[in-house]
Amino acid sequence: MKDDRVEAVFVATDAPSHARHCIEVLKHGKHVASAVPAVFGSLEEAEALFEAVRRSGRTYMMFETSCYHEDLHAMREIYRAGGLGRVVYAEGEYYHY
């Protein structure tokens, strides 16, 4: 984070550490993105991340990386090709093994 050539950092550490690590990145004046979830455990943590973004003037984004899984990409392609017909209603669920 001390390298001035680095403009942004992606935080993909364990979920409970995302907010803490993102706050550190913001303190170093870098834009930051994290994997989901942004915070893990408390509203205070969310407030601290929000304040760090506000103070830094940098951008924070939370990335959902599951949309790139092979099975999800394949279903999206099937849908785009018309393989599911006219979709009237659908639900989804995120499942961790």
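A residue is called buried when its relative accessible area is under 20%, exposed when the value is over 50%, and partly exposed in between, with a 1.4 Å probe and protein chains only. By this rule Ser34 is buried, because its relative accessible area is 0%.

The model described here is predicted, and therefore local features need pLDDT of at least 70 and side-chain atom pairs count only at pLDDT 80 or more, while totals for chains, interfaces and linings use all residues. Residues are numbered from 1 along each chain as its sequence is written, and side-chain values use heavy atoms, with hydrogens and water left out.

Helices (H or I, at least four residues) and strands (E, at least two) are DSSP runs, numbered from the N terminus. Ser34 belongs to strand β2, which covers residues 31–35. Its side chain makes a polar contact of 2.7 Å with the side chain of Tyr60. A polar contact is a pair of N or O atoms within 3.5 Å; within protein, one must be able to donate a hydrogen and the other to accept it, and residues adjacent in sequence count only if both atoms are side-chain atoms. Leaving aside neighbours within four places in sequence, Ser34 is in contact with Phe10, Val11, His18, Cys22, Tyr60, Met61, Met62 and Phe63.

Val32 is also placed in strand β2. Val32 counts as buried because its relative accessibility is 4%. When neighbours within four places in sequence are set aside, the contacts of Val32 are Val9, Val11, Cys22, Val25, Leu26, Thr59, Tyr60 and Met61. Val32 and Val11 stand 21 residues apart in sequence, and their C-alpha atoms are 7.3 Å apart in space.

**The aromatic pair**

Rings of Phe, Tyr and Trp (its six-membered ring) pair if their centres lie within 6.5 Å; planes under 30 degrees apart count as stacked, over 60 as edge-to-face and the rest as tilted. The structure holds one aromatic pair. This pair is formed by Phe10 and Phe63 and is stacked, with 5.5 Å centre to centre and 25° between the planes. It links distant parts of the chain, since Phe10 lies in strand β1 (residues 8–11) and Phe63 in strand β3 (residues 60–63), 53 residues apart. Phe10 is partly exposed because its relative accessibility is 40%, and Phe63 is partly exposed at 33%.

**Loops**

Ser17 is placed in the loop between β1 and α1 (18–27). Its relative accessible area is 6%, so Ser17 is buried. The side chains of Ser17 and Arg20 are joined by a polar contact of 3.0 Å.

Pro37 is found in the loop between β2 and α2 (43–56). A cis peptide bond, with omega about -5°, joins Val36 and Pro37. Most peptide bonds are trans.

**Salt bridges**

A salt bridge is a side-chain nitrogen of Lys or Arg within 4 Å of a carboxyl oxygen of Asp or Glu. Five salt bridges are found in a search of the whole structure. The table gives three of the pairs, including one from helix α1 and one from helix α2.

| Residues | N to O distance |
|---|---|
| Asp3 and Arg5 | 2.8 Å |
| Glu24 and Lys27 | 3.4 Å |
| Glu51 and Arg55 | 3.9 Å |

Asp3 is partly exposed at 29% relative accessibility, whereas Arg5 is exposed at 71%. Glu24 and Lys27 both lie in helix α1, three residues apart, about one turn of the helix. Glu24 is partly exposed, with a relative accessible area of 33%, and Lys27 is exposed at 58%.

Glu51 and Arg55 are separated by about one helical turn because they stand four residues apart in helix α2. Glu51 counts as partly exposed at 26% relative accessibility, and Arg55 counts as exposed at 56%. Salt bridges that share partners join Glu51, Arg54 and Arg55 into one network.

**A nonpolar surface patch**

Patches are made of residues with over 30% relative accessible area and no salt bridge; like charges are joined within 9 Å, and nonpolar side chains (Val, Leu, Ile, Met, Phe, Trp, Tyr) within 5 Å. Accessible areas come from the Shrake-Rupley method with a 1.4 Å probe, and for residues only the protein chains shown count as cover. Met75, Ile78, Tyr79, Leu84 and Val87 make a nonpolar surface patch of about 460 Å². Met75 is in helix α3 (residues 70–80). Its relative accessible area is 43%, so Met75 is partly exposed.

Notes:
Contact = heavy atoms within 4.5 Å.
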